[in-house]
Amino acid sequence: MVECHVKERVMTSSTQVYGEPWYWDNRYTNEPGPFDWYQKYITLAPIISLYVPPTQRILIVGCGNSAFSEGMVVDGGYTDVVNIDISSVVIEAMKSKYRDFPQLKYVKMDVRNMSDFESESFDAAIDKGTLDSILCGNNSRQNATKMLQEIWRVLKDKGVYVLVTYGAPLYRLRLLRESCSWTIKLHVIEKLASEEKSDQPVWELTKPVPLNDDGTSVEEALGRNPDVHYIYICTKEISANSNTKP
């Protein structure tokens with residue numbers, strides 16, 4: 001099952017253009033200011049630091065013009081953050097903006113084909129909304145599977161894919177499990193999380209949500225339709241019978 005959420009700031013009659021470079025080139029030309037999908041670094045920092053040490057080599061997929069990577073370097077102390085995006089417009093803009101940040105690298109690349117990166121070359125990959133965008137486009141399931149398999153390929157054994165998404169387990173677990181061999185943990189964060197902690201968060205950010213095979217345990221823990229973003233912590237597992245098969 002595929003679920004597509006229309007992101008609030010995308011003013012288009014069809015979300016199928018999400019997979020098209022020209023759409024993002026036009027968007028970043030017309031909206032050059034920084035924008036973070038879903039959450040800023042400061043709200044996700046506790047969960048990022050829990051699973052991704054600052055010494056690791058990090059891949060940010062679909063970076064856009066987000067200040068997330070800057071936050072990782074300036075506030076989190078990360079030293080090697082590689083950012084990719086399908087839009088040449090935004091990549092050139094970010095290269096110029098962060099030319100004095102040797103910790104940040106920007107590369108124009110399609111996440112569905114990262115052949116310029118060697119296999120097992122990253123310790124972690126972080127995705128805020130890129131998988132969701134692909135699931136809104138044409139051939140969504142096929143393209144999402146390509147993306148996940150490429151992320152799995154470039155991650156080292158036991159590397160971590162951090163997926164921040166609107167998609168509840170009902171819509172994401174099967175896709176994740178059928179695409180690659182992952183061990184999956186689930187965390188949640190309130191959609192309107194601010195820089196200050198909520199007095200009564202729906203669930204503690206750094207505490208994994210109980211996750212059974214079909215995801216029904218999440219509803220039992222959080223209630224129906226909780227107003228949260230889901231954070232899937234997917235750890236790459238290489239089969240004992242194969243060193244290459246996702």
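These are my notebook entries on a predicted model of one protein chain.

**Ground rules**

I number residues from 1 along each chain as its sequence is written, and side-chain values use heavy atoms, with hydrogens and water left out.

**Entry 1: the overall count**

I began with the secondary structure and found eight helices and seven strands in the protein chain. Helices (H or I, at least four residues) and strands (E, at least two) are DSSP runs, numbered from the N terminus. Next I looked up burial: 50% of the 246 residues in the protein chain are buried. Buried means under 20% relative accessible area, exposed over 50%, and partly exposed in between (1.4 Å probe, protein chains only). I also checked contacts, meaning heavy atoms within 4.5 Å. Among contacts between residues at least 6 apart in sequence, 75% join residues at least 24 apart.

**Entry 2: the sheet**

In what order do the seven strands of the sheet stand? I read β3-β2-β1-β4-β5-β7-β6, an open sheet with mixed pairing. Two strands pair if DSSP finds at least two bridges between them. At the edges I found β3 (104–108) and β6 (182–190), each pairing on one side only. From one strand to the next, the twist averages 20°.

I then followed β6 to its partner. Strands β6 and β7 (residues 228–236) run antiparallel and are joined by nine bridges. Here W182 stands opposite K236 in β7.

Helix α2 (residues 41–51) was my next stop. Helix α2 lies across β4 (122–128), β5 (155–165), β6 and β7, and runs at about 160° to β6. For that angle, axes are lines fitted to C-alpha atoms, for helices over the stretch in contact, and angles run from 0 to 180 degrees between N-to-C directions.

**Entry 3: the nonpolar cores**

A nonpolar core is a set of buried Ala, Val, Leu, Ile, Met, Phe, Trp, Tyr and Cys residues joined through side-chain atoms within 4.5 Å. In soluble globular proteins, nonpolar side chains tend to be buried together.

Which residues have the most contacts inside the largest core? I noted I48, I58, M72, V162 and I231, in a core of 40 residues. Helix α2 gives the most to this core, with six residues. Apart from it lies another core, of 39 residues, among them A144, I151, V154 and L222.

Leaving out residues up to four places away in sequence, V162 touches I48, V52, A125, I126, D127, I231, Y232 and I233.

**Entry 4: salt bridges**

I found twelve salt bridges in the structure. Each is a side-chain nitrogen of Lys or Arg within 4 Å of a carboxyl oxygen of Asp or Glu.

- R57 and D80 meet through their side chains at 3.7 Å, N to O. R57 sits in the loop between α2 and β1 (58–61), and D80 in the loop between α3 (68–74) and β2 (81–85), 23 residues apart. I also saw that R57, D80 and K105 are linked in a network of salt bridges. R57 is partly exposed, at 27% relative accessible area.
- D123 pairs with K156, with the closest N and O atoms 3.3 Å apart. D123 is in strand β4 and K156 in strand β5, 33 residues apart. D123 counts as buried at 18% relative accessibility, whereas K156 is partly exposed at 33%.
- K158 and E237 meet at 2.5 Å, N to O. K158 lies in strand β5 and E237 in the segment after β7, so this pair ties together parts that are 79 residues apart in sequence.

Is S69 buried or exposed? I found S69 buried, with a relative accessible area of 3%. S69 has its place in helix α3. Its side chain makes a polar contact with the side chain of N83 at 2.4 Å. A polar contact is a pair of N or O atoms within 3.5 Å; within protein, one must be able to donate a hydrogen and the other to accept it, and residues adjacent in sequence count only if both atoms are side-chain atoms. Not counting residues up to four places away in sequence, S69 touches I60, V81, N83, L104 and Y106.

I also looked up backbone angles. E120, in the loop between β3 and β4, has a positive phi of about 55° although it is not a glycine. K158 in strand β5 has a positive phi too, near 70°, and is partly exposed at 49% relative accessible area.

Technical notes:
This is a predicted model: local features need pLDDT of at least 70, side-chain atom pairs count only at pLDDT 80 or more; totals for chains, interfaces and linings use all residues.
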